[in-house]
Amino acid sequence: MSYHDRLLVTGIGWAGILVSLGLVAFAEAEQFPEIFNSEQDKVTELTPAETAAGLIKLPEGFMATLFASEPEVQNPVAMAWDRRGRLWIAENYTYAEKAVRFEYSLRDRIIVLEDTDWDGKADVRTVFSEDLQVLTSLETGRGGVWALCPPQLLFIPDENGDDIPDREPEVVLDGFDLSLNSYHNFANGLRWGPDGWLYGRCGHSSPGRIGVPGTPDKERIPIKGGMWRFHPERKVFEGITHGTTNPWGHDWDAKGELFFINTVNGHLWHGIPGAHFPESFGADPNPYVFERIDTHADHYHYDRRGKWSDSRDGAADGFGGGHAHVGMMIYQGTAWPERFHDRLFTINMHGRRTNVERLDRVGSGFVGRHEPDIFHSGDEWFRGLDIRPGPDGSVFLIDWSDIGECHEHTGVHRTSGRIYRISFGMPAKPLFPQDPHEWLFNEKPWYAQAMRRDLTVLERDALVAALETEGAAVPRLRAMWALHRNQEDPVFWTNFLSDPEESVRTWAIRLILDSQPIDTIVGPLAGKTPEPQSGQVIDEFVRMARDDESGLVRLALASGLQRLPLEQRGDVALALAARREDADDHNLPYMVWYGISPLVEIDPDSLIAIAGATNWTPLVRWISRSLVGGILENPEEIEKLLSAAASYPGEMRVAVLEGMSNGLQGWAKAPEPKGWDAFTENPVAVENGQLVRELNVLFGDGRALEEIKALVLDREADHGMRSAALNTLIEARPEGLRQICSSLLSDRSLNAIAVKGLALFDDPALGRSLAKQYRRFQPDDREEVISVLVSRPAWAEALLREIQSEAIPKGDLSAFQARRIEAFNSESLSTLLRGAWGSVRKSDEGKEKLIKEWTEKLTPEVLNEGDLHLGRQLFSGICGACHLMYGEGGEIGPDLTGSGRSDISYLLENIFDPDSVVSSEYQISTMVLKDGRVLTGIVSGETGKTVTVRQATDEITLEKSTIVSREVSPVSMMPEGLLLALGEDQLRDLIAYLMHPVQVPLPAE
């Protein structure tokens, strides 16, 4: 055995079982691999005793005890308790640095730690399994151990609880793909919910299609970031929320409300089933999700104004330490002081602290308020990954213990790891009752939560009596959940739809619908549709939607719409949308829309009825947008809405206009709906004249077209109105557009927009003319001109000729635009590009040589001589077209503000070999259009009629009918030869700026 198995009791994995069966040769071949470190940073690691003793700053009265440390525990990535009060740890050794991603020569391990005398230090260690790989999470219960090893969820049976697997692991789910373009954000976070389902999380960059093994692809459930759950007995998987970037922690409050923590785009989210939240990039998988619910906190833990790094690594306590959050608990114990009860705690990785959130009820849900951070660690190696309460009321915190960025760019230090127990005073040894009812109703929530792990059949009469007893909500809810886990008939819950306690009514709604599939994606979900509810249930839901005073109850109804058959949703939604007090609610307009949006295809009249009954402007806007999308096939639906909207209040009529404008974005023309003239004669339409004019042009109104032409050519008119009018003309493509745009080339306020209009005409002479007139454009507009010139081969040639003659500076052609020229696959253009600007690609051998060469050249001494101000100027010209940094720049590529910029190897690898890891949301789409243009960019949205492409200078929406061909490339939009046109001093300045931790001014004029 390895040196890791030194403690009092050790377990055996499959190798040990094989030895006992006489299969010694195979067992020896399967010995646990020797663990090695790949971390390159030489920062000295503190001893476990040093970190526990003095470097965790705690509030008065708290103490940190080192529960376990290396070599007994290493690389702890997740933890779970069992009902014996033992702590199970997932040790992950296979996670590796970016170049490797996963070190498959190693294996991962599950160990069990026990503190027999409850002095705060583990004294028994058992190895349960050491034959796993890519282990991200574990949970105990239901006769074994659950291990999440993407792409699979495994169940390792141990029915007798002897800590020896009974047989080989069973694959219960698969499809949690490890994206080839990402090395983090994968599925994680196993945890039993109060409803008896096993919950987990999934990051945005590793989307999957989940099902039990053998499920056909068309029946699999897609998930791309968010929360999911699995019912072990029914073998049912659900994606219950969609969106966010990388959720890595969740918990339920005492009344069963789910919250989860996230990284980058908002840290705190209320886990509302069926909700759609924003992710870092990309469109929602549901085409009718036009807008998404924002974060449920009123703050961020970093400076959103652009100086993100100022709040990093504990430098600014006022923000909270940074964007990365891992692990989460809502403390419900009794051992800590009351001021910490029911508070949400999450580990802030870069801040090396624990953020504290107060969850305040607001409207239908909650708002997280930042309270003072606690548990600050002065250890540079501190990498807290999870935080959980224990049976004694203390809190246990696992520490991955490594140096460098959170993505381990500099390698992984695998032979370190710590677990801390954080207690208030010295807690008493916990007792473990024999009677399961004493567990369920124990004043210490840990015991009730432990009951979720196993299907312990409790006496039904006792549970019903506890539920029907008037009193505190929490014991009653525990009885509800226990009854539900024991498969109580859903009809029983109708008895509690009028209960005086809002949380009981809320959970009664959820449990009635719990067995129905959730329709978070438009269309039948994996071939299954919800079963109809009885007329009594629907009547009760309508009554509650109309009369119930609780916003939380109304939110449960709105969420539950997605578990009802489509034909039963309209009446409930109508009653909800009629609640005027919810017009500005953070969640309800969204959740109602997510539930009723599929009705546009089968029952649009119900949407029109809802629009007429509500004062929720977003809901009316979305209804209008969805109906106008069918103007070609079903024009009568938008016509009915316009007729009804004639009597709407002013703000609702504006919402109808906005929805129509949004829904027809990218269309060249559309038929004018009946009733349009009558609708636009009212004062509200007059006040929104620009919107009406744009739609009139789309509908082919010649008079409106002439008005817009006149406005564009009126140099005395408002600049903003002229710009909007010119964009409308370009969308409409009327006769005379070329002449109008050509006449505006001398108008420096509009000529950059006019160039986009001229781009529609396939005339090589026009391209040569634009290239010749390049310097007539404002410096800030020249990037747009080049973007147009690289959209056609002949125009790109004209551009390159001007660069070759030095009439246009070659630095004005960005690397992204150079790659667009390469996309034409023209040898003559590529030759001209290499001569005029530089090479775009290098061989693998050349890339490795370049990285090595520049790593050796750019020593700390050399970088110290760099001009940071000139480096920022170079960044703006070369990188800023696609990348944000400190809140400035384009949004084509990732935001570089918080990336691993301090690591020279990481920087150079990404610059010289950008194709090595490309997240799916940043892959290039190249589209050849009917008018001869070739557009290259990232698809940021798509409907049945249009596709939206994000380019370096703008975002363009195209009708799909104008696209001849479309190809998605796995390569990065960032060319490999990005910096080859720079001199050595320029490259030094740029890299020095990129590695600098804070923003610097541009060079003085």
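Asn825 counts as exposed, at 72% relative accessibility. Exposed means over 50% relative accessible area, buried means under 20%, and partly exposed lies in between (1.4 Å probe, protein chains only). The phi angle of Asn825 is near 55 degrees, a positive value in a residue other than glycine. Asn825 sits in the loop between α28 and α29. Helices (H or I, at least four residues) and strands (E, at least two) are DSSP runs, numbered from the N terminus.

The model is predicted, and local features need pLDDT of at least 70, side-chain atom pairs count only at pLDDT 80 or more, and totals for chains, interfaces and linings use all residues. Residues are numbered from 1 along each chain as its sequence is written, and side-chain values use heavy atoms, with hydrogens and water left out.

The protein contains 34 helices and 36 strands. Of its 1005 residues, 62% are buried. Contact is defined as heavy atoms within 4.5 Å. Among contacts between residues at least 6 apart in sequence, 64% join residues at least 24 apart. The accessible surface comes to about 38,000 Å². Carbon and sulfur atoms account for 50% of that surface. Accessible areas come from the Shrake-Rupley method with a 1.4 Å probe, and for residues only the protein chains shown count as cover.

In helix α29 (residues 827-836), the buried residues are Leu829, Ser830, Leu832, Leu833 and Ala836. These residues cover an arc of only 160 degrees around the axis, so they lie on the same side of α29. The arc is that of the directions from the helix axis to the C-beta atoms. On the other side of α29, Glu827, Ser828 and Gly835 are exposed. The cover over the buried residues of α29 includes α27 (793-804) and α28 (815-822). Just after α29, Gly838 takes a positive phi of about 145 degrees.

Helix α32 (residues 868-878) has Gly871, Arg872, Leu874, Phe875 and Ile878 as its buried residues. Seen down the axis of α32, they fall within an arc of 160 degrees and therefore line one face of the helix. They pack against β30 (884-885), β31 (888-889) and α34 (984-995).

Ser940 belongs to strand β33 (residues 934-942). It is buried, with a relative accessible area of 16%. Leaving aside residues up to four places away in sequence, Ser940 touches Gly282, Ala283, Thr948, Arg950 and Glu955.

A cis peptide bond joins Glu70 and Pro71, with omega about 10 degrees. Pro71 lies in the loop between β2 (62-69) and β3 (76-81). Another cis peptide bond joins Pro150 and Pro151, and its omega is about 15 degrees. Pro151 is placed in the loop between β8 (144-149) and β9 (152-157). Thr244 is a residue other than glycine with a positive phi, near 75 degrees. Its loop runs between β17 (241-242) and β18 (250-252). Thr244 counts as buried, at 0% relative accessibility.

Rolling a probe the size of a water molecule over the atoms shows where empty space is left. On a 1 Å grid over the protein atoms alone, a cavity is a set of points where a 1.4 Å probe fits but cannot get out, and lining residues have an atom within 4 Å of a point. Grid points are joined across faces, edges and corners, and a volume is the space filled by probe spheres set on the points. This rule gives nine cavities of 30 Å³ or more.

The largest cavity has a volume of about 330 Å³. Its lining has 22 residues, of which Pro273, Trp507, Arg510, Ser559 and Arg563 lie nearest its centre. The elements that give two or more residues to this lining are α8 (502-513) and α10 (551-560). By class, the lining has eleven nonpolar, five polar and six charged residues. Here Ala, Val, Leu, Ile, Met, Phe, Trp, Tyr, Cys and Pro count as nonpolar, Asp, Glu, Lys and Arg as charged, and the others, Gly among them, as polar.

The second largest cavity holds about 160 Å³ of space. Its lining consists of Trp81, Glu139, Arg191, Trp192, Asp251, Arg388, Pro389, Trp446, Gln449, Arg452 and Arg453. At least two lining residues come from each of β11 (188-192), β27 (384-389) and α5 (445-450). Four residues of this lining are nonpolar, one is polar and six are charged.

How values were computed:
On a 1 Å grid over the protein atoms alone, a cavity is a set of points where a 1.4 Å probe fits but cannot get out, and a pocket is an open set with protein on both sides within 12 Å along at least five of seven lines; lining residues have an atom within 4 Å of a point.
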